[in-house]
Amino acid sequence: MTQDVIELDGAIGGGQVLRSALSLSMVTGRAFRIGQIRARRSRPGLLRQHLTAVMAAAEVCGARICGAHLDSQALSFEPGVIRAGDFKFAIGTAGSCTLVLQTLLPALMRAPQASRVTISGGTHNPLAPPTDFLSRSWLPLLRRMGGDVELDLLLHGFVPAGGGEIAVRVQPSNLMRLDLCERGEAISRQALALTAGLAPTVAQRELSHVAKRLNWPSDALQHVTIDPARGPGNVLLLEYAFEHVTEVFSAFGRVSLRAEKVADAAINQAVDWLRSDAAVAEHLADQLLLPMALAGGGYIDCQEEGSDRLRLEILPTD
């Protein structure tokens, strides 16, 4: 490499360290080298989802890369010039489409023209934000910051089958700081149980438990049946819309896990956030950090752990 290279230790976290490095490298033009990628995970190194993010980032900015193969624990990435295009990326497993998309968006918003991105893989993965979280919670705040991004869910993809697909349109845009200090007035709430290839009683029991614990009326509960070919799969989504923010909490069904336990997992997240009085919950706060840093600053009142509150401010770098 002909430029100064930033050295990173991939053992300090999981795939998010790599994805953030890719995003920042593309928009700053700085090369990096990362070792010990996901070293503390049960299966270390690059999995298909991570490798797809690397190859997609390289295509968007014409990067020179070394070490981009499955199970690799070391990678070098030297970015080139960001370009627009009609991109198609296939993970090949149920790995998260949303995480690959979030890796690319900061660069694509700085491309010279509009882009379209199609990503296939997992759209509802228990180890990543589901597509519903991006479309209903995260993207509206990104648009408030000036981002011009539209996302369409074309096919659902659950673990382990995968096969989901999203299509995204990205216009060139400059992000502005986000200041989010309060939720504002409550607008609506709803519970959505998605099932594919499962008995309808699964969703019925989840929604009944939501109604019982949260005292919600039947018109706030909805069961959506997905094509059985996309399954088996199940996710419960609790959406709270407020004046300034919408939060989406999710929990995924698993073999041998009772439907009521799935519901409890989503409900407990929501209850902790509601008790905290924070503007955003911890997962949304985490997803906002990189856009806020690229926007040059911002302030959010967020939930830290349980029902604790944390006032987080990102200062301009110049």
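Q: Where does L207 lie?
A: L207 lies in helix α5, which covers residues 200-214. Helices here are DSSP runs of H or I with at least four residues, strands are runs of E with at least two, and both are numbered from the N terminus. This is a predicted model, in which local features need pLDDT of at least 70, side-chain atom pairs count only at pLDDT 80 or more, and totals for chains, interfaces and linings use all residues. Residues are numbered from 1 along each chain as its sequence is written, and side-chain values use heavy atoms, with hydrogens and water left out.

Q: Is L207 buried or exposed?
A: L207 is buried, with a relative accessible area of 8%. Buried means under 20% relative accessible area, exposed means over 50%, and partly exposed is in between, for a 1.4 Å probe and protein chains only.

Q: And what does L207 touch?
A: Not counting residues up to four places away in sequence, L207 touches A191, A193, L221, Q222, H223 and L236. Contact means heavy atoms within 4.5 Å. As for H223, it is 16 residues from L207 along the chain, and their C-alpha atoms are separated by 8.1 Å.

Q: Turning to S250, which strand is it in, and what does it touch?
A: S250 is found in strand β13 and counts as buried at 18% relative accessibility. Residues up to four places away in sequence aside, it touches P130, V235, L236, L237, A266 and Q269.

Q: What does β13 give to the lining of the largest pocket?
A: β13 gives the most, with six residues. The elements that each supply at least two lining residues are α1 (15-28), α2 (48-61), β13 (246-252), α6 (259-276) and α7 (282-294).

Q: What volume does the largest pocket have?
A: Its volume is about 1000 Å³. Of the 38 residues that line it, the closest to its centre are L99, P126, L127, A128 and P129. On a 1 Å grid over the protein atoms alone, a pocket is an open set of points where a 1.4 Å probe fits, with protein on both sides within 12 Å along at least five of seven lines; lining residues have an atom within 4 Å of a point. Grid points are joined across faces, edges and corners, and the volume is the space filled by probe spheres set on the points.

Q: How many of the lining residues are charged?
A: Nine are charged, alongside 15 nonpolar and 14 polar residues. Asp, Glu, Lys and Arg count as charged; Ala, Val, Leu, Ile, Met, Phe, Trp, Tyr, Cys and Pro count as nonpolar; the others, Gly among them, count as polar.

Q: Now α3: how many of its residues are buried?
A: In α3, 12 of the 12 residues are buried, so the helix is largely enclosed by the rest of the structure. Among them are C97, Q102 and P106. Helix α3 (residues 97-108) reaches 16 Å from its first C-alpha to its last, close to the 16 Å expected at 1.5 Å a residue. The expected span is 1.5 Å times one less than the number of residues.

Q: Where is the kink in α4?
A: It lies at W138, shortly before the proline P140, and is about 40 degrees. The bend at a residue is the angle between axes fitted to the seven residues ending there and the seven starting there. The buried residues of α4 include F133, W138 and L142.

Q: What about α7; where is its kink?
A: A kink of about 35 degrees lies at L288, shortly before the proline P291. L288 and P291 are both buried. The buried residues of α7 pack against α3, α4, β9 (178-180), β13, β14 (298-303) and β15 (309-314).

Q: Which peptide bonds are cis?
A: One of them runs from V159 to P160, with omega near 10 degrees, and P160 is in the loop between β7 (148-155) and β8 (164-171). Another joins G231 and P232, with omega about 0 degrees.

Q: Lastly, S256: what is its phi?
A: Phi of S256 is near 75 degrees, a positive value in a residue other than glycine. S256 lies in the loop between β13 and α6 and counts as exposed at 78% relative accessibility.
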